[in-house]
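My notes follow in the order in which I checked things.

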Amino acid sequence: MTTLRATTRRASAVGLALTACLSAVPTAVAAAADRDGGAAAGPALDRYHHQRLDWHGCATGPDDTAGRDLDQAGAQCADVTVPLDYSAPRGRTINVAISRLKATDTRHRIGTLLFNPGGPGSSAIGLSPLIRTVMKDAGARYDIIGMDPRFVGRSTPLDCGWPVGTSLFSAGTGRAGFDRQVTLQKSLADKCRATNASVLPHVTTRNTARDMDVIRGALGERKISYLGISYGTYLGTVYTQMFPGRYDRVVLDGALDPGRYNPRLMRGVERENDRALADWAAWAARRHSTYGLGRTGEQVLGTIDRVIEASARRPLTVGTGAETFRLDDTLVPSVIFMGDPDDTDEARAILAEQVSVLAEAAKGRPARPSPQFAAALRSMLTSEGAQVGGVQSAILCGDVAAPRDPERYWRDIERSRAAHPVVGPLTNNIGPCAFWDRPREEPTRVRHDVPSLIVAATGDPRTPYTGSVALHTMLPSSKLITLKGANRHAVYGQYGNTCVDDNVNRYLVTGKLPAHDRTCVKQGA
């Protein structure tokens, strides 16, 4: 079955994962009263809010599979003109690409729903038909908008010319690996600055929220509903804070704590990832005859340790010919990390197959990856995924400043390594934001209550459950649906939990939040 997660995984191997995420900002008071949010919708922006959209077919050519699928589903596409710099709205403009799948139950139409799958930097323009399916009966009552955020996909895309598709790597097993990372991460920041210096200050979540409000206006809507997953929950939080009164129904799945949003988003998720990896290891041990990784969970984890140790001595060779990849101790943990945010059998089997291939390579044997694994390695280790990785970092670095001193990262890595030897050197590693120019705006702070529905799994290894609880506390009128017992990042409409899906869809249809927080249980647990 095609899932939303499977679809978005193709767009970004890293996930918010973020490539994500980062270190503490106070949230109790408002930043500059968000004076450039709702208040900015003055005469200078009228031409953007009142522009006439030119709706057309979505396929851009014979090879545009996503566009063809949209056309077959009955969707239409348009480009929305927005200012590059909202403080200079009469200056340079850029385009934001959107798709629209109009409500089919027009008699009971509720309004427009805009969707963001996270990333940051993931494309959503091709997902509107899938979102309608996820929403079941509620989907027919909404115009569903898929948006490629500014500089993503079809929206005036940004390309830093990176030789790799992500900046999310491990520091490796020792200082030499970390020093290589410092050099790499600085080079990635330098490439973005050299190629896109004029636009980088405007690649921010706050500007994407402003674009969303222009889209609302251009669609002729007084309010829009919103569904955000992972980083998309932070974007939704920023929008509702900057534009209070312009949203209707808001669903936030796998929420980020706005007070912890910064370029080191993965720092602090070590415990959840260790637990998810241990659970996966126990699953793989029960299938030793298939994968050969060990007969107990401890043995499987020992296999991973030996693979990383081997890659530190000499990079592992995976594949042959033009599809040959060499993975050292800064890369192997990234493969494992990106494979463990999901406790379904399908996802666990994919990771087991990948670790089996790495284990063969660690023994010096021929290691032939599946086509799926080879595609993931291409996206991660070559320029094939560079556009996604570059814009993802640009958003994070443009939102919040990161620590500058490499030694601070090294100290964090060493402190984390003893308790979290696989994950800690990755989640605490330095990134390109350490070498980025400082953001022009302060981060958004939560000052407005927002009646919204927050969805979270207790074992989420990307945006920990504590983040959803923190956001729920900041928004007293919100309600929290907890999925107990699942190691899963993002659950609504993707995980097959009837309790979660029914609660969300009921809210989207009625507009009424549950009277109380709800707890759902993982099916089959």
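I looked up Ile-224 first: its bridge partner in β6 is Tyr-247. This is a predicted model, in which local features need pLDDT of at least 70 and side-chain atom pairs count only at pLDDT 80 or more, while totals for chains, interfaces and linings use all residues. Residues are numbered from 1 along each chain as its sequence is written, and side-chain values use heavy atoms, with hydrogens and water left out.

**Entry 1, strand β5.** I take helices (H or I, at least four residues) and strands (E, at least two) as DSSP runs, numbered from the N terminus. Two strands pair if DSSP finds at least two bridges between them. β5 (residues 224-229) pairs with β6 (residues 247-253) in the parallel sense over five bridges, and Tyr-226 stands opposite Val-250 of β6. Four bridges join β5 to β3 (residues 111-116), again in parallel. There I found Asn-116 opposite Gly-228.

Is β5 mostly covered or mostly open? It is mostly covered, with six of its six residues buried (under 20% relative accessible area; exposed is over 50%, partly exposed in between, 1.4 Å probe, protein chains only). Ile-224, Tyr-226 and Gly-228 point one way from the strand, and Ser-225, Leu-227 and Ile-229 point the other way.

I also noted that β5, helix α7 (residues 231-242) and β6 make a right-handed β-α-β unit. Right-handed here means that, with the strands pointing away from the viewer, the path from the first strand over the helix to the second runs clockwise.

**Entry 2, the sheet.** I followed nine strands through an open sheet of mixed pairing, in the order β1-β2-β4-β3-β5-β6-β9-β10-β11. Its edge strands, β1 (76-83) and β11 (518-521), each pair on one side only. Neighbouring strands are turned by 20 degrees against each other on average, direction ignored. Axes are lines fitted to C-alpha atoms, for helices over the stretch in contact, and angles run from 0 to 180 degrees between N-to-C directions.

I found helix α18 (residues 498-510) lying across β3, β4 (142-147), β6, β9, β10 and β11, at about 170 degrees to β6. For α17, the buried residues are Gly-467, Ser-468, Ala-470, Leu-471 and His-472. Their cover includes α7, β6, β9 and β10, where contact means heavy atoms within 4.5 Å.

I checked helix α6 (residues 205-218) against α7: their axes come within 9 Å and cross at roughly 65 degrees. That makes α6 roughly perpendicular to α7 (65 to 115 degrees; under 35 is roughly parallel, over 145 roughly antiparallel and the rest oblique). The contact residues include Met-212 of α6 and Leu-235 of α7.

Next I took α5 (residues 175-196) and α15 (residues 406-417), which pack at an angle of about 140 degrees with their axes 11 Å apart. They are therefore oblique to each other. Arg-175, Phe-178 and Val-182 of α5 meet Pro-406, Glu-407, Tyr-409, Trp-410 and Ile-413 of α15.

I placed Gln-494 in the loop between β10 and α18. Is Gln-494 buried or exposed? Gln-494 is buried, with a relative accessible area of 7%. Its C-alpha atom is separated by 7.6 Å from that of Val-134, 360 residues apart along the chain.
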